[in-house]
Amino acid sequence: MRPFDEKRVLVGVSGGIAAYKTAELVRRILQAGSEVQVILTSSGARFVGPTTFEGLTGRPVHQSLWDGALQHIELGRWADAIVVAPATANIIAKLAGGIADDLLTTTLLAAPRRALLAPAMNTRMFEHPATQRNLETLQEYGHELVGPAFGGLAEGEEGWGRMVEPDVILAYIGRQLEGESRWRGMRVVVTSGPTWEPVDSVRFIGNRSSGRMGHAVAAAAWRRGADVVLITGPSHVPAPPEIADVRSVETAEEMGVALGEALADASAVFMAAAVADFRPSVTEEGKIRRSSGLASIAVEPCPDLLAAARTRAPEGCVMVAFAVELGEGGVDSARGKLEAKGADLIVLNDPSEPGAGFEVETNRVTIIDASGAAETLPQMLKTEVADEILDRAERLLPGE
Ligand code: CTP
């Protein structure tokens, strides 16, 4: 899986209770396609034994500075990314002070690249000015921090100091492995999921969009370094946890307002949401009773968000539309939509085909550009489709 394929990730584990989550992190990195080697500190080994990591990676776990004279140099050189999870207050202080008294700290100091650190400690240790200053120093040195999060800590306390979850750390490693990208620092807006148009206080008109495709585009753009705003309708698929700016909306109207606010400095907009085309003309207060004898619901068109966004987006902003078409004639119909809405690309899929559509992890899409040229991609994971879409949108960014 991009960008983990054939990459090498060095994981340092220091002594915190969150070390048990690092086993899951290691498993996820391996699943994503990278090789993993683990350096376990002596305190780390008190929380999770080397056998666990050895079993996961199929490699011996590095624990001692004295197992090889050049190990601390070789491990750093070997790695495409280095992550320390959990990073205790002690490791953070040592690294900030340039102390190298065990294999992990020595490797970190000797490594040609900076590390990703996932701090985990008691709130007071985290908030202590010494730790805060050390963390600032580490960032000045080019290390990247992920977390800590707020939440339950050891001994029943609550506060800042929890290690972030493995999927967030995984996303950050992915962003480091991605390397240089034209998307870095660019504002990218993604709409995702369905919209719900209320009939009364308990019912709505909606659709079967899961939000998976839009969420995948948002995650891929974030991984390439973009500053992502994800505007999502109600979806049971959680938004990618690494995206800080998630704006949850319910109706097409609300999605339009959120889009208008986010558009100002957008370099690209991906309209993956399945916006409802129609909404009830009137929303009844309370619940419409069966005994009311209601026979039909009057509807009116929802605003066309993409067409409105085109007129309000900054010049040069790349607009990517999505189209759901069932059966024959989909490509022609999608071409018509691309032109009518002034999009730069349109991504077409037919949910009636196997391996495509709303509830599944895969998709089969045809991407059509403004010249009308259509390219049909083989069935692949929605996460992979997202990268294909971004590759094509990237070529349309100004300056290419
Ligand atoms: N779209 C939108 N606002 C709407 C409806 C659709 O912005 N009210 C956007 C979708 O996010 C998508 C694109 O327009 O990117 C095409 O959506 P689709 O539903 O396939 O097209 P429609 O214009 O609704 O046409 P039709 O219902 O006739 O297929």
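Predicted model: local features only at pLDDT ≥ 70, side-chain atom pairs only at ≥ 80, totals over all residues.
An oxygen atom of the ligand lies 2.9 Å from a polar backbone atom of Phe322. The protein covers 76% of the 570 Å² of accessible area that the ligand has on its own. The points below begin with the ligand, then turn to salt bridges and the backbone.

**Contacts of the ligand**

- The backbone also takes part at Leu305, where a polar backbone atom is 3.0 Å from a nitrogen atom of the ligand.
- Lys337 contributes through its side chain: one of its polar atoms there is 2.6 Å from an oxygen atom of the ligand.
- There are 15 residues around the ligand, and those that come nearest are Met271, Asp277, Leu306, Lys337 and Lys341.

**Make-up of the shell around the ligand**

- Sorted by class, the shell has 11 nonpolar residues and 4 charged residues, with no polar ones.
- Three elements each supply at least two residues of this shell: α12 (305-312), β16 (318-324) and α13 (330-341).
- Of the elements, β16 gives the most to the shell, with 4 residues.

**Salt bridges**

- Side chains of opposite charge can pair when their charged atoms come close.
- A search of the whole structure finds 28 salt bridges.
- One of them joins Glu178 and Arg223, whose closest N and O atoms are 2.9 Å apart.
- Glu178 belongs to helix α9 (residues 166-178) and Arg223 to helix α10 (residues 212-223), so this pair ties together parts that are 45 residues apart in sequence.

- Most peptide bonds are trans, and most residues other than glycine have a negative phi.
- The peptide bond from Ala85 to Pro86 is cis, and its omega is near -5°.
- Pro86 is part of strand β3 (residues 81-87).
- Gly147 and Pro148 are also joined by a cis peptide bond, here with omega about 5°.
- Pro148 is located in the loop between β5 (144-145) and β6 (149-152).
- Glu6, a residue other than glycine, has a positive phi, near 55°.
- Glu6 is found in the segment before β1 (8-13).

Notes. Residues numbered from 1 in each chain as written. Heavy atoms only, no water. Near = heavy atom within 4 Å. Polar contact = N/O pair within 3.5 Å; in protein donor to acceptor, adjacent residues only side chain to side chain. Areas by Shrake-Rupley, 256 points an atom, 1.4 Å probe, with all protein chains shown as cover. Nonpolar A, V, L, I, M, F, W, Y, C, P; charged D, E, K, R; others polar. Salt bridge = Lys/Arg side-chain N within 4 Å of Asp/Glu carboxyl O.
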